[in-house]
Amino acid sequence: TFWKGQLQGFVDPTPLPAAQTGHIKTRQPYRRQSVQLSVELTNQLSTLARNHRLTMNTLVQGAWALLLHHYSDHARVTYGSVVSGRPAALRGVERMVGLFINTLPVQVLIDLEQSLIPWLQERQQQLLALREYEATPLTEIQRWSDMPQGNALFESIVAFENLTGESV
């Protein structure tokens, strides 16, 4: 029920900008892109997040959603969010070895009339709600969506690495 609600109205994955403009000439159209922010900008963003009780992960995912909207002009964008998938409620989880990583679809409605901070706060609540269901296999989520089997739910992912100990 949760995932069906999250994917309601899902028609197709949000394409990346290069895929729409035809700049891709290789068989492997996408590549990894990493950006390192300056200490000054990171401190400014941390202050903004702290002042509004947001996480840096929320700021990054919000920025990605807005960027996808800007280039795709879709009012509803979808991307994948990498999660640890290591539920704190799982008995003995701190002693378990191995990966619990999962990638979950995140669908965001872009309302350009809404102020940024309340919109980001909604994104944070959405991301917190996803955590309850982060152990759900992506294949199951795909099956519960209206997308035909074998089609991708998203074309881009956000992987936020928390190296400072901040929790979402």
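This is a predicted model: local features need pLDDT of at least 70, side-chain atom pairs count only at pLDDT 80 or more; totals for chains, interfaces and linings use all residues.
Figure 1. V35 belongs to the loop that runs between α2 (17-21) and α3 (39-51). Together with L37 and L41, V35 makes a nonpolar surface patch of about 270 Å².

**Figure 2. Surroundings of H74.** H74 sits in the loop between α4 (56-72) and β1 (76-83). The residue is partly exposed, with a relative accessible area of 24%. Leaving aside residues up to four places away in sequence, H74 touches D12, T14, P15, H69 and I110. One of these contacts, T14, is 60 residues from H74 along the chain, and the C-alpha atoms of H74 and T14 are separated by 7.5 Å.

**Figure 3. Aromatic pairs around F2.** Two aromatic pairs are found in a search of the whole structure. In one of them, F2 and W3 are arranged edge-to-face, with 5.1 Å centre to centre and 80 degrees between the planes. F2 is buried at a relative accessible area of 18%, and W3 is buried at 2%. F2 also pairs with Y133: the ring centres are 4.1 Å apart and the planes lie at 15 degrees, so this pair is stacked, given that planes under 30 degrees apart count as stacked. F2 is in helix α1 (residues 2-6), whereas Y133 is in the loop between α5 (116-131) and α6 (138-144), so the pair ties together parts that are 131 residues apart in sequence. Y133 is partly exposed, with a relative accessible area of 33%. Through these ring pairs, F2, W3 and Y133 are linked into a cluster.

**Figure 4. The whole protein, for orientation.** The protein has six helices and three strands. Along the sequence these elements follow the pattern α-α-α-α-β-β-α-α-β. Of the 168 residues, 33% are buried. Among contacts between residues at least 6 apart in sequence, 69% join residues at least 24 apart. The protein exposes about 11300 Å², of which carbon and sulfur atoms supply 54%.

How values were computed
Residues are numbered from 1 along each chain as its sequence is written. Side-chain values use heavy atoms; hydrogens and water are left out. Patches are made of residues with over 30% relative accessible area and no salt bridge: like charges are joined within 9 Å, nonpolar side chains (Val, Leu, Ile, Met, Phe, Trp, Tyr) within 5 Å. Accessible areas come from the Shrake-Rupley method with a 1.4 Å probe; for residues, only the protein chains shown count as cover. A salt bridge is a side-chain nitrogen of Lys or Arg within 4 Å of a carboxyl oxygen of Asp or Glu. Helices (H or I, at least four residues) and strands (E, at least two) are DSSP runs, numbered from the N terminus. Buried means under 20% relative accessible area, exposed over 50%, partly exposed in between (1.4 Å probe, protein chains only). Contact means heavy atoms within 4.5 Å. Rings of Phe, Tyr and Trp (its six-membered ring) pair if their centres lie within 6.5 Å; planes under 30 degrees apart count as stacked, over 60 as edge-to-face and the rest as tilted.
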